[in-house]
Amino acid sequence: MSYIKYKELAYCNFSKKIDIKDLPAFVFDYVEKDETIWCSYTLMRKKLVLTDKKIIIFVQTGILGKTKKIHFFPYVNISSSAIEYRNSSTSLLFSMDSGYQLTITIHNTDALEKTEIRQTYFKLIDQIDDK
């Protein structure tokens with residue numbers, strides 16, 4: 001008997017793209033000097049940063065938002081991926097080497113934003129293939 005190991009590691013929703021210069025200062029503490037930020041998204045107290053080496057998700061909690069949980073997903077740990085388009089959202093689905101799943105959904109995406117996400121996704125896939 002065999003089975004597929006499926007555990008949802010994170011399911012994150014984001015609603016709008018933010019300019020790199022508008023990211024909070026603490027985000028840059030987790031980006032290496034030789035790393036390039038491709039794009040970033042936000043939803044209230046959550047931030048998604050896609051770089052040329054990893055996916056970083058920042059979640060601020062607490063009344064004042066002083067508690068931060070930071071998730072790192074290096075591309076070398078991604079075994080498979082998919083992109084899913086819906087009417088007004090785009091999802092990036094990743095399976096990690098450990099069997100965990102990561103789903104990132106970006107809501108309120110129009111045709112232009114879907115094209116930008118697709119181009120970023122292809123850059124990400126190139127990084128995964130180079131591992």
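## A partly exposed ring and its partner

F72 is partly exposed, with a relative accessible area of 38%, where buried means under 20% relative accessible area, exposed over 50% and partly exposed in between, computed with a 1.4 Å probe on protein chains only. This is a predicted model, in which local features need pLDDT of at least 70 and side-chain atom pairs count only at pLDDT 80 or more, while totals for chains, interfaces and linings use all residues. Residues are numbered from 1 along each chain as its sequence is written, and side-chain values use heavy atoms, with hydrogens and water left out.

## The aromatic pairs

A pair of aromatic rings is described by the distance of the centres and the angle of the planes. The structure holds five aromatic pairs; rings of Phe, Tyr and Trp (its six-membered ring) pair if their centres lie within 6.5 Å, and planes under 30 degrees apart count as stacked, over 60 as edge-to-face and the rest as tilted. One of them joins F26 and F58 edge-to-face, at 5.6 Å centre to centre and with 75 degrees between the planes. This pair links distant parts of the chain, since F26 sits in the loop between β2 (16-18) and β3 (37-43) and F58 in strand β5 (residues 54-61), 32 residues apart. F26 is buried at a relative accessible area of 18%, and F58 is also buried, at 1%.

Y30 and F72 form a tilted pair, 6.0 Å centre to centre with 50 degrees between the planes. Here too distant parts of the chain are linked, with Y30 in the loop between β2 and β3 and F72 in strand β6 (residues 67-74), 42 residues apart. Y30 counts as partly exposed, at 32% relative accessibility. Ring pairs link F26, Y30, F58 and F72 into a cluster.

## Helix α1

Helices (H or I, at least four residues) and strands (E, at least two) are DSSP runs, numbered from the N terminus. Helix α1 (residues 111-129) has 19 residues and reaches 27 Å from its first C-alpha to its last, close to the 27 Å expected at 1.5 Å a residue, the expected span being 1.5 Å times one less than the number of residues.

The buried residues of α1 are K114, I117, T120, Y121, L124, I125 and I128. Seen down the axis of α1, these buried residues fall within an arc of 150 degrees, so they line one face of the helix; the arc is that of the directions from the helix axis to the C-beta atoms. The face turned away from the buried side of α1 carries the exposed residues L112 and D129.
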